[in-house]
Amino acid sequence: MIALERVKPLRLHKNEVLLNRLSKNHVKRPLIESEQRKRMAGYQGEKASDYFVKKLPEKEYLIFHGLRLQNGDSFFQMDTMILSKKLTLNLEIKNYIGTIYFDSKHKQLIQSVNNLEKAYLCPIVQAKRQREEWTNWLKERKIQLPLDYLVVISNPSTIIKSDPQYYEAQRNVIHPQEIGERMNKLSMQYTEDQLTSNDIKKLAKLLIKNHIPETYDVLSYFKIPETDIITGVQCLQCEKFGMERIHGTWHCPTCQLKNKDAHLQAMNDYFLLINSTITNKKLCEFLHLSSPYTASRLLKKMNLPYTGSKKGRMYTQKN
């Protein structure tokens, strides 16, 4: 059963909005686009693996996608964690193409595509680090469970190789279609139940309660000043910025589209890029409104939580 659904990462959402509100020739655009391609490939790889995870018997396993927990001052996140009465299994999911080679001596993954080689930190090292964090998290709560891991190479066309001495690569690296078979082998390896059904329910509730979704200040990450952001309401049809509010409706001067709620997307963009709070004055600036009374009506209609009164009122994004 899926206990924690996979959601599109906040980083992908914010990067998309940022790219949409930056000029086409912005100096940081190539960097953001490169980052977005890598993260989108990772997300697509995770979703491809999810197909095979869903085929596991629902009554035997609880599935947590993207579970992010805190250990002291640091956080760790597991791409997919599978919980049963016998063990927990962490899936470290990678989306590589071409041929990959696991090097035990230098703890590297070497990717070869079109006769070009590129080295990465070995995902086995990453998976073992996550297992250590997960072990410490459970120990802190006096929970004992066998913990195992698999590195899942999500692209079925990727050729996997390793040096003969790298036993962990031979044992722990698979393609997603092997997940079911490996779970069966692990169930035979770990024969005794460590948790009762009631224990499983309690642990699942504890994990959901302690799950902390990632926060991400996209402008700070890419070192982009707020003044570089294109403001205004974007037309839902021609995608040009600069819709005008006339008699309670947004009008696009380019394609003549009319829409009463076109500002909602702009508001969402603001909350993703700039801040989770907004004032009447800031709304006027971002939506290009000349009237604070119009801004006030829009804010009231959105029914946002707020603090303060009159000119000092601060509106907060809904959770």
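Q: Why is Phe 222 called buried in this predicted model?
A: Buried means under 20% relative accessible area. Phe 222 has 3%, so Phe 222 counts as buried.

Q: What makes the pair of Tyr 221 and Phe 222 edge-to-face?
A: Two values settle this one. Ring centres have to lie within 6.5 Å to pair, and planes over 60 degrees apart count as edge-to-face. For Tyr 221 and Phe 222 the centres are 4.9 Å apart, with 90° between the planes, so the pair passes both tests.

Q: Is Tyr 221 buried, partly exposed or exposed, and how do you know?
A: Tyr 221 has a relative accessibility of 39%.

Q: Which cluster do ring pairs build with Tyr 221 and Phe 222?
A: Ring pairs link these two residues and Tyr 216 into a cluster. The structure holds eight aromatic pairs.

Q: Why is the pair of Tyr 270 and Phe 271 called edge-to-face?
A: The planes of Tyr 270 and Phe 271 stand at 75°, and their ring centres are 5.9 Å apart. The angle is over 60 degrees and the centres lie within 6.5 Å, so the edge-to-face label applies.

Q: Are Tyr 270 and Phe 271 buried or exposed?
A: Tyr 270 has a relative accessible area of 3%, while Phe 271 has 9%. Each value is under 20%, so Tyr 270 and Phe 271 are buried.

Q: What makes Ser 220 partly exposed?
A: Its relative accessible area is 47%. That value falls between 20% and 50%, so Ser 220 is partly exposed. Ser 220 lies in helix H7, which covers residues 218-222. Ser 220 and Leu 273 are 53 residues apart in sequence, and their C-alpha atoms are 9.8 Å apart in space.

Q: How do you know that Cys 235 is in no disulfide?
A: The structure holds zero disulfides. For Cys 235, the nearest cysteine sulfur belongs to Cys 255 and is 3.5 Å away.

Q: Why do Cys 235 and Cys 284 count as buried?
A: Cys 235 has 2% relative accessibility, and Cys 284 has a relative accessible area of 12%. Each value is under the 20% cut-off, so Cys 235 and Cys 284 are buried.

Q: What share of the chain is buried?
A: Of the 319 residues in the chain, 41% are buried. The chain has 10 helices and 16 strands.

Methods: Residues numbered from 1 in each chain as written. Predicted model: local features only at pLDDT ≥ 70, side-chain atom pairs only at ≥ 80, totals over all residues. Heavy atoms only, no water. Disulfide = S-S within 2.5 Å. Buried < 20%, exposed > 50% of the residue type's maximum accessible area, 1.4 Å probe, protein only. Helix = DSSP H or I, 4+ residues; strand = E, 2+ residues; numbered from the N terminus. Phe/Tyr/Trp six-rings, centres within 6.5 Å; stacked < 30°, edge-to-face > 60°.
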